[in-house]
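Please keep the sequence and the three-dimensional view at hand while reading.

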Amino acid sequence: FSDKVEIFPPKKLLTLGRVDFSEMPDTVMTAAIIAAFADGVSEFFGIENLCFKECDRLVVMEQNLKKLGIKVEVGEDFLRVFGNKSPLAPLYQGGGKIDSFEDHRVAMSFGVLGEALGINLSISNPECVRKSWPDFWEQVAEWAGKLRPVVAVIIEKSSSNFPFVKGGEKNEYLIV
C-alpha cells in the first residue's frame, strides 16, 4: 500500500446540468464559478431568495462573470451559466476588477477562483469576508503556498514631528 494519494483533474470539466439549489442557495456562487469553466450550460434554480441577501447575488454574479467573458442569463429564480473552457481573455481587458458589493460569499468565490488559476483579481471590499471567515485571505494564501510574513508599523503624524501640520492634528498611517 502507498502512503499517498494522487488526484488528476479531468481533461474536460462537464456541465453541472440543471440543479435545484433551494436547499443550499448560498453555494450557488461557488457552483457558478465552476460552471463558468465547464463545457456546456449549467442552470441553477430554486434560488429566488438570493436577491435578498447582502446584495442581489444573482445580478452580481451575472455582472462579474461577464467580466470574465462568460455568457450568463438571470431570471427571478434561476441563474444559467454558459461554460467556456478559456474565458480569461476579457479578464485582462477589464483589469481583473471584481465588485464584491460587500458580500462575503461573492468575494470568497472569486478569491478562490483567482488563487486556483493563479490570476490577479482585484476584489473590491475584500474585508467583507470577516462576517463569516475572518482569516479567509490568509487561509487562501496558505493553501496556494503564497503566505509570506508581513511586517506592519503604525506611525503617527503630529505637529511635533511634522512641522507642516497645523494645530496639533493627528493622523495615523499604516506602513506594511
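## Terms and basis

A salt bridge is a side-chain nitrogen of Lys or Arg within 4 Å of a carboxyl oxygen of Asp or Glu. The model is predicted: local features need pLDDT of at least 70 and side-chain atom pairs count only at pLDDT 80 or more, while totals for chains, interfaces and linings use all residues. Residues are numbered from 1 along each chain as its sequence is written, and side-chain values use heavy atoms, with hydrogens and water left out.

## Overall architecture

The protein has 5 helices and 8 strands (DSSP runs numbered from the N terminus: H or I of at least four residues for helices, E of at least two for strands). Along the sequence, these elements follow the pattern β-α-β-α-β-β-α-β-α-β-α-β-β.

Of the 176 residues in the protein, 32% are buried (buried means under 20% relative accessible area, exposed over 50%, and partly exposed in between, with a 1.4 Å probe and protein chains only). The protein exposes about 11,300 Å², of which carbon and sulfur atoms supply 56%; accessible areas come from the Shrake-Rupley method with a 1.4 Å probe, and for residues only the protein chains shown count as cover. Among contacts with a separation of 6 or more, 59% join residues 24 or more positions apart (contact means heavy atoms within 4.5 Å).

## The salt bridges of D26

A search of the whole structure finds 10 salt bridges. In one of them, the side chains of D26 and R57 meet at 2.8 Å, N to O. This pair links distant parts of the chain, with D26 in the loop between β1 and α1 and R57 in helix α2, 31 residues apart. R57 counts as buried at 2% relative accessibility, whereas D26 is partly exposed at 26%.

D26 also forms a salt bridge with K53, with the closest N and O atoms 3.6 Å apart. K53 lies in the loop between β2 and α2 (57–67), 27 residues from D26, and is partly exposed with a relative accessible area of 32%. Salt bridges with shared partners join D26, K53, E54, R57, D103, R105 and K131 into one network.

The closest N and O atoms of R18 and E43 are 3.5 Å apart. R18 is exposed, with a relative accessible area of 59%, while E43 counts as buried at 15%.

S42 also lies in strand β2, residues 41–45, and is buried, with a relative accessible area of 0%. Leaving aside neighbours within four places in sequence, S42 is in contact with residues including T15, G17, A35 and V81. The side chain of S42 reaches the backbone nitrogen of L16 at 2.9 Å. L16 is placed in the segment before β1 (18–20) and is partly exposed at 36% relative accessibility.

## An aromatic cluster

Ring pairs link W133, F136 and W137 into a cluster (rings of Phe, Tyr and Trp, the last by its six-membered ring, pair if their centres lie within 6.5 Å; planes under 30 degrees apart count as stacked, over 60 as edge-to-face and the rest as tilted). The whole structure contains 3 aromatic pairs. W133 and F136 form an edge-to-face pair, 5.1 Å centre to centre with 70° between the planes. F136 and W137 are likewise edge-to-face, at 4.8 Å and 75°. F136 is buried, with a relative accessible area of 2%; W133 is partly exposed at 30%, and W137 is partly exposed at 27%.

Notes
A polar contact is a pair of N or O atoms within 3.5 Å; within protein, one must be able to donate a hydrogen and the other to accept it, and residues adjacent in sequence count only if both atoms are side-chain atoms.
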